[in-house]
Amino acid sequence: MSTLTPTRKPTEAGNNHKPLLVARGVHKFYNKVHAVRGVDFSLLPDRYVTLLGPSGCGKTTILRMIGGFETVSDGVIELDGADLENVPASRRPINTVFQSYALFPHLDVTENVAFGLSLRRLPKAEISAQVTAALRMVHMETMASRRPQELSGGQQQRVALARAIINQPRLLLLDEPLSALDRKMRKEMQIELKDLQRRLGMAFLHVTHDQGEAFALSDWIIVMNNGVIEQQGDPETIYRRPANAYVADFIGGSNLIAGTVTECANGVAVINTAFGRVRTACAPEVAVGRPASLCLRPEVLTLGGDEAIEGTVSHTVFEGSHWLVEATAGGSTLQLRLSDDAPPAVGSSIEVGYDRARAWIVDRTLPVGN
Ligand code: ATP
């Protein structure tokens, strides 16, 4: 095999719906620390999946168990239907890209990328062809003879990626791979990573605490909190239909207006809030008698409208494409995203309404450990 070719064409129908990796009831204890508390998820062979959550929620631990660097305390992780428990890290068709790149400073780019293949004593011509193909994949073919210290952070990360994909793993694990880069470079690398994954048709599992990064990259997002999965789904569902107040708050800023659910049936509930009695779509866990919140994203709030309530502007921030306006209304602090040329003045009275079609009710029971 002399070139890096996609393992499968993402557009090909067929058995790509069969999961590559399945985690079932997985737990991890570090002595008394229960770091991962019974997670279930599966990865399809050609998808970009992100594990998203705050520091300490167990993301890296899950990655390390999949890579074979930590044992699984309970539950099972399967690759192609076979339990990975007794497969050592070096025998798993899985590679990891770390935040720190972990390049050898005394080797040039070619030697760094070729390192694994050289250990396997492959013929020189084959190694050279594979290194060239891998460097081309990450647009680094013109820097093959440089040492790591002669490269920018983004370029070093590209070399680390080339090294990780050269032997065509089935799954690439990426542990906060962009966090050492500045904001502009991070944005560029996000586009490159997604593009690389698409061209390779390989499964990528990426760990981050940055929700913007998760949205930029992912086909599927797994939102974690304190060792459990709070929700998993495509980015749009996670944003528009958060499963609970934790996800609504962690993802994308939300106005969560507490209330009481008085009716609930067939995915629609009625909640009494400062906005009055609101009937709208709700998350599955919402039930009569449980604490709940009306979830209104800043862009769902409007100036005026049928059921508007009175408020006072407390703060305005120009964010480039829009104004973020903060107002106190109905006993809550609300954020509105307005695309108008000028915002209402601080201290002025406004009527705050909302788009009923985009209102959503979530359960407000506190997640485990909080
Ligand atoms: P971060 O984004 O900060 O890396 P994370 O979500 O990846 O966080 P983990 O590194 O998986 O979280 O850690 C989960 C929990 O397990 C934390 O409470 C952490 O302190 C604990 N932990 C992680 N590794 C060990 C270890 N080797 N021994 C003991 N406790 C550990």
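Ala, Val, Leu, Ile, Met, Phe, Trp, Tyr, Cys and Pro count as nonpolar, Asp, Glu, Lys and Arg as charged, and the others, Gly among them, as polar. The structure is a predicted model, in which local features need pLDDT of at least 70 and side-chain atom pairs count only at pLDDT 80 or more, while totals for chains, interfaces and linings use all residues. Residues are numbered from 1 along each chain as its sequence is written, and side-chain values use heavy atoms, with hydrogens and water left out.

The shell around the ligand divides into five nonpolar, five polar and two charged residues. The residues surrounding the ligand include Tyr30, Pro54, Lys59 and Glu176. Helix 1 gives the largest share of the shell, three residues; helices (H or I, at least four residues) and strands (E, at least two) are DSSP runs, numbered from the N terminus.

Polar contacts are pairs of N or O atoms within 3.5 Å. A side-chain N or O atom of Ser55 is 2.6 Å from an oxygen atom of the ligand. For Gly58, a polar backbone atom lies 3.0 Å from a ligand oxygen, and for Thr60 a polar side-chain atom lies 2.7 Å from one. Taken alone, the ligand exposes 640 Å², of which the protein buries 58% (Shrake-Rupley method, 1.4 Å probe).

Cys57, also in the shell, counts as buried because its relative accessibility is 1% (buried is under 20%, exposed over 50%, partly exposed in between; 1.4 Å probe, protein chains only).

Notes: A residue is near a molecule or strand if one of its heavy atoms lies within 4 Å of it. A polar contact is a pair of N or O atoms within 3.5 Å; within protein, one must be able to donate a hydrogen and the other to accept it, and residues adjacent in sequence count only if both atoms are side-chain atoms.
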